[in-house]
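Here's a quick briefing on a predicted model. Take a look at the fold first, then we'll go through a few spots one by one.

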Amino acid sequence: MHEYTSTARVWGLSCPGFPEEVSRARRWTRDILRGSPLAEDAELIVSELSANAILHTASGKEYGSFHLAVAVSAQVVAVSVTDDGGTGTAPKVEHQGQDAEHGRGLGMVSVIAHRVVVHDSAQGHTVTAELYADARLGGHPCR
C-alpha cells in the first residue's frame, strides 16, 4: 500500500448542542453504515455519547456543540464524540444498579463496544468506541 493511502474512510459532523441533534447524529451514522452488521450498535453508541455530551458538558449550554467522527475500515468501525468540556472531570464508566435512572450510558457503551477510550483535553473530552468486525480481535465479552 502506498504511504499516503488508506483503506479507512472517515466522516465528520458538527452539531449544535440541542437535544434534537442526537437523533440527527444517529440517522447520519445509520446512513454511513447502511448494510454493515455493526450499524445498530454504532447508532446506539452515538446516541448515548451525543446525549451525554449535551446533558453533562458545556455542549448543552448556549452556543455549545458536539462533534462526531465515524471511521470505517474492513476490520473496525470507530465512533468518536467530542464535547465542549466545561466539567471538572472526564467521562468515566460507572456501574450503576438496574434501577438507576442516570449514569448508565457510558457503562452500556463499554458493554456494546469492544474498546472505549476517553481522551481529556483543555478543549473538551473525546470518547471513542471501537467495534470490531471480528470479535476475536478485541476479546469482546460474551453478551
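Start with a polar contact (a pair of N or O atoms within 3.5 Å; within protein, one must be able to donate a hydrogen and the other to accept it, and residues adjacent in sequence count only if both atoms are side-chain atoms): a polar atom of the H114 side chain lies 2.8 Å from the backbone nitrogen of Y132. The model is predicted, with local features needing pLDDT of at least 70 and side-chain atom pairs counting only at pLDDT 80 or more, while totals for chains, interfaces and linings use all residues. Residues are numbered from 1 along each chain as its sequence is written, and side-chain values use heavy atoms, with hydrogens and water left out.

**Two loop residues**
- H114 is in the loop between α3 and β4 (115-121); helices (H or I, at least four residues) and strands (E, at least two) are DSSP runs, numbered from the N terminus.
- H114 counts as buried, at 15% relative accessibility; buried means under 20% relative accessible area, exposed over 50% and partly exposed in between, with a 1.4 Å probe and protein chains only.
- Y63 is found in the loop between α2 and β2, and Y63 is exposed, with a relative accessible area of 77%.
- Phi of Y63 is near 70 degrees, a positive value in a residue other than glycine.

**The sheet**
- Five strands make an open sheet in the order β1-β2-β3-β5-β4, with antiparallel pairing; two strands pair if DSSP finds at least two bridges between them.
- β1 and β4 are at the edges with a single partner strand each, so one side of each has no neighbour in the sheet.
- β4 and β5 run antiparallel and are joined by seven bridges, plus a hairpin through two residues.
- In that pair, V116 has A129 in β5 as its bridge partner.
- β2 and β3 also run antiparallel, with six bridges, and V70 has V79 in β3 as its bridge partner.

**The core**
- The largest nonpolar core has 27 residues, and I45, L49, F66, L68, V79 and L131 touch the most other members; such a core is a set of buried Ala, Val, Leu, Ile, Met, Phe, Trp, Tyr and Cys residues joined through side-chain atoms within 4.5 Å.
- α2 gives the most to this core, with seven residues.
- L131 is in contact (heavy atoms within 4.5 Å) with residues including L38, I45, V77, I112 and H114, leaving out residues up to four places away in sequence.
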